[in-house]
Structures are given as structure tokens and as C-alpha cells.
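Subject: A structure for you to look at

Hello,

I am passing on the structure we talked about, with some notes on what turned up in it. Please have a look at it first and then read on.

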Amino acid sequence: MVTTQGLRYPVELTRGKNIKASLTVQNPVEFWFEMKDKDGIAPKDPVHYAINVKEDELPQIQVLAPSGDLLAGQEAQIPLVFEIRDDIGVKNLHLDVEQKGSQSRRIQLKAYDPPVKAKIDEVKFSLGSLKTFPGEILRFRLEVQDNDTVMGPKSGFSEWITVEVQSYE
């Protein structure tokens, strides 16, 4: 098998009539087979085949609820309803948290196996796992990763949501 770039790939003949070849492409490419019949004659104009490549889109995520910033207790369970979409399929869901006085954190909330192309879903997140204090203000957003095994996973992000931690004493 030969490509328009002049690259040659081995071809395996199976069961005397099927062919098997493998190549990875990142850009559109044309290819053809250089063959000879049993008398050693090659076709004058071999048939050319085209492979078109569709660019991978970034995964998308939109938080449907809560619809804005929140006031919550230190141990609150925050339900997050969201919609995800991706042309290849979403594999992982993370929560990115910015908390004053500490490093930003990335917490895996869910893994999709098999990956999903479109879904409305819900997770609950506990503020108690962050060891917050009353009056603290933190920000979080959801992050989704696609299942791109060729170029590596790509991420999409929701809008940031601000949470003010309240004391109920």
C-alpha cells in the first residue's frame, strides 16, 4: 500500500482473497495498492482511495443546576445536574476546586464506561470533604475529558460557581 506522501505500508493477504493493512492518519490522505497479477503485470492506473479526517471537537459541559452561586453549610451535599456532549465520547468527569489558602484541586467524580456522547446526569458533592470553615468563599467548575486515544484526551469546562460557606450554629 502506498500513500500520496510516498509512504509504504505492508499488506497481508489472508485466506487468499482478503487484504489487511494498518496505518494511523492525522490528515487526509490518498492511497493505492501496488500489485501484480500472476504474470507479473501491474495495472497502469491503480484505483486511488481517500481517507478524510474529521477534527476532534472539544467536549462540552453545561451545569443545569444549581443555576448560580450558592450559600451552603460546611457539610452540605451539593447536587450538580449537568449536560455533557462529545463527538468521540466523554470518559471522565472531574470537579476543579479553588479554595483560598490551598492549592487548586481536581477531584474525579465519575468515569463513564463505555464513554457517552450525550447525557444529562447528576452527581452529589460533599463540602465536608474539603474541610471548609464558615465565611469561606470557594469556586468550583466541572471538567469533562473525552476518550481520544489517538491524540490524547481533551477537556471541556463548565462556568465557575462560587460557594459561600455558612455556619448554621
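The second largest pocket has a volume of about 170 Å³. A pocket here is an open set of points on a 1 Å grid over the protein atoms alone, where a 1.4 Å probe fits, with protein on both sides within 12 Å along at least five of seven lines; lining residues have an atom within 4 Å of a point. The volume is the space filled by probe spheres set on the points, which are joined across faces, edges and corners.

This is a predicted model, in which local features need pLDDT of at least 70 and side-chain atom pairs count only at pLDDT 80 or more, while totals for chains, interfaces and linings use all residues. Residues are numbered from 1 along each chain as its sequence is written, and side-chain values use heavy atoms, without hydrogens and water.

Back to that second pocket: its lining includes I61, Q62, V63, F157 and W160. Strand β6 (residues 60–65) gives the most to this lining, with three residues; strands are DSSP runs of E, at least two residues, numbered from the N terminus. By type, the lining has six nonpolar, four polar and two charged residues. Charged covers Asp, Glu, Lys and Arg, nonpolar covers Ala, Val, Leu, Ile, Met, Phe, Trp, Tyr, Cys and Pro, and the others, Gly among them, are polar.

The largest pocket has a volume of about 320 Å³. Of its 13 lining residues, K54, E55, D56, D148 and M151 lie nearest the centre. Six of the lining residues are charged, five nonpolar and two polar.

Enjoy exploring!

Conventions:
Helices (H or I, at least four residues) and strands (E, at least two) are DSSP runs, numbered from the N terminus.
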